[in-house]
Amino acid sequence: MNVASPPRGRYDAGVMKYKEMGYFDLDYQPKQTDILACFRVTPQEGVDPEEAAAAVAGESSTATWTVVWTDRLTAADMYRAKCYRIDPVPGAPGSWFAYIAYDLDLFEPGSIVNLSASIIGNVFGFKPLKALRLEDMRLPVAYVKTFDGPATGIVVERERLDKFGRPLLGATVKPKLGLSGRNYGRVVYEALKGGLDFTKDDENINSQPFMHWRDRFLYCMEAVNRAQAMTGEVKGTYLNVSAGTMEDMYERAEFAKQLGSTIIMIDLVIGYTAIQSMSKWARRNDMILHLHRAGHSTYTRQKSHGVSFRVIAKWMRLAGVDHIHAGTVVGKLEGDPATTAGYYDICREPYNREQLEHGLFFEQDWAGLRRMMPVASGGIHAGQMHQLLTLLGEDVVLQFGGGTIGHPMGIAAGAIANRVALECMVLARNEGRDIMAEGPDILAAAARHCTPLAQALEVWKDVTFDYASTDTPDFVSTVSVS
Ligand SMILES: O=C(COP(=O)(O)O)[C@H](O)[C@H](O)COP(=O)(O)O
Ligand SMILES: [Mg+2]
């Protein structure tokens with residue numbers, strides 16, 4: 001900001017640089033209880049990066065554009081966020097990583113909405129900045145402990161489903177809009193009978209004229225019950241309870257419970273408060289809570305501006321969802337391998353160490369909060385099973401929508417192909433084989449005894465989504481590679 005005349009005393013009326021108002025202090029040692037944030041700051045031409053970083057600290061905590069004497073009625077020195085470190089972004093001239101510390105007292109306990117109203121409230125529109133991105137946050141244990149976290153978590157989900165030692169398999173019903181309740185239920189039945197553990201509503205299935213929500217829930221649960229009886233396995237279908245009001249969502253969730261569903265689903269676009277409310281409901285009602293991250297790419301995908309998905313994943317673990325879409329790497333949607341590995345760590349580790357190569361700028365102690373099951377979904381098929389298992393590990397739901405329902409011999413055949421591909425790959429891995437190298441051979445060998453798998457491999461053999469990722473970590477490697 002342009003400041004005309006040199007400042008007088010700290011609390012004299014007038015405009016003063018943010019740096020001089022106390023929002024920039026490279027000597028500040030963050031406290032264990034501070035909330036930390038790393039922003040990628042791209043100032044406008046001619047704006048001092050340190051002043052820009054101080055402005056971010058100021059505008060996301062206590063500051064306004066001019067000195068206000070009422071600061072003196074508060075513990076202003078403590079309440080001011082402080083930029084305590086600033087580094088140029090490697091390979092991106094004109095951008096800086098600014099590390100900012102916030103005192104815990106600035107935030108209401110147990111409220112993502114309050115946290116986000118400060119950290120991403122209005123600072124992203126600040127004129128002296130060309131662009132701003134929230135890269136990562138460190139949430140202190142003292143703050144983590146004010147949230148309940150996931151109601152169910154990975155361990156209890158596996159216990160309830162009685163499924164161990166392999167990824168879970170799912171499918172999004174397609175086409176995503178237009179099916180009647182009865183035809184929709186047929187898709188669910190075929191997919192579950194064929195060998196999937198879960199089917200799911202898509203993000204935009206709520207209660208449309210072609211299929212009201214009660215029709216969908218009734219036909220889906222009939223399909224689940226029949227498939228369970230057929231296979232002797234526990235099955236589920238994520239009933240999307242997202243709706244225009246909380247009252248509607250509660251009504252839908254209650255009906256899902258009444259029908260015996262093990263799992264319900266919500267979309268990220270319902271908002272943080274609604275997500276936390278549904279999490280509390282899920283905890284009270286022993287329900288697994290699936291979150292579709294619908295809408296996230298509008299602000300997560302570009303490196304220079306927005307909020308990284310790793311921050312959203314952290315907020316969602318606090319807010320308490322059990323499943324979260326976290327990317328596939330090999331599928332149709334954005335997903336750099338290193339960045340995606342960082343998201344999966346946030347979901348599944350009890351403690352994240354700082355790992356710049358995965359985009360994790362801070363260590364994060366989850367303080368006993370349960371773990372989220374990451375969901376890999378979007379343009380994946382049986383021919384990628386070795387890559388999926390290697391890249392994503394075992395505690396993950398692999399969801400093949402088109403890759404089940406698009407099978408040339410029908411939905412059940414698509415499900416069989418996926419189940420056989422998964423089981424042969426898990427077996428090969430457990431036998432110590434190098435599945436990344438031998439994957440195609442392992443699948444081909446299994447396909448000799450499984451026509452549906454042979455057909456799936458044939459029809460999708462050339463399908464890859466090989467595009468450059470937009471969101472990759474920027475860091476200087478400290479590991480020397482010889
Ligand atoms: O409908 C699908 C996938 O369908 P299909 O399996 O037919 O491609 C999901 O909405 C996306 O996976 C969401 O993406 P993300 O998981 O990245 O948020
Ligand atoms: Mg979808």
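This is a predicted model: local features need pLDDT of at least 70, side-chain atom pairs count only at pLDDT 80 or more; totals for chains, interfaces and linings use all residues.
I started at Thr 172, which sits in the loop between strand S5 (168–170) and helix H7 (181–194). Helices here (H or I, at least four residues) and strands (E, at least two) are DSSP runs numbered from the N terminus.

Residues are numbered from 1 along each chain as its sequence is written, while chains are lettered from A and ligands numbered from 1 in the order in which they are written.

Is Thr 172 buried or exposed? I found it buried, with 25 other C-beta atoms within 10 Å. The cut-offs are 20 or more such atoms within 10 Å for buried, 12 or fewer for exposed, and in between for partly exposed, with C-beta atoms placed from the backbone. I then listed the contacts of Thr 172 beyond four places in sequence: Lys 200, Asp 202, Ser 377, Gln 399 and Gly 401. Contact means that the C-beta atoms, placed from the backbone, lie within 7 Å.

Lys 176 is in the loop between S5 and H7. Lys 176 counts as partly exposed, with 13 C-beta neighbours inside 10 Å. Leaving out neighbours within four places, I see Lys 176 in contact with Asp 202, Asn 204 and Ile 205.

**Annotation check**

The unreviewed UniProt entry puts "binding site" on Asn 122, Thr 172, Lys 176, Arg 293, His 325 and Ser 377. These positions span 256 residues in sequence and the farthest two C-alpha atoms are 36.2 Å apart, so they do not all gather at one spot. I keep in mind that UniProt positions are in the numbering used here, feature names are shortened, and annotations may be inferred rather than shown by experiment.

**H4 against H10**

Next I looked at H4 (residues 112–119) and H10 (residues 272–284), which pack at about 160 degrees with axes 8 Å apart. The two helices are therefore roughly antiparallel, a label for angles over 145 degrees. On the H4 side, Ile 112, Val 113 and Ser 116 meet Tyr 272, Thr 273 and Gln 276 of H10.

**Ala 282**

Still in H10, I picked Ala 282. Ala 282 is buried, with 24 C-beta neighbours inside 10 Å. Beyond four places in sequence, Ala 282 is in contact with Ala 151, Met 287 and Leu 289. I also noted 8.4 Å between the C-alpha atoms of Ala 282 and Ile 264, which are 18 residues apart along the chain.

How values were computed:
Two residues are in contact if their C-beta atoms, placed from the backbone, lie within 7 Å. Axes are lines fitted to C-alpha atoms, for helices over the stretch in contact, and angles run from 0 to 180 degrees between N-to-C directions. Angles under 35 degrees count as roughly parallel, over 145 as roughly antiparallel, 65 to 115 as roughly perpendicular and the rest as oblique.
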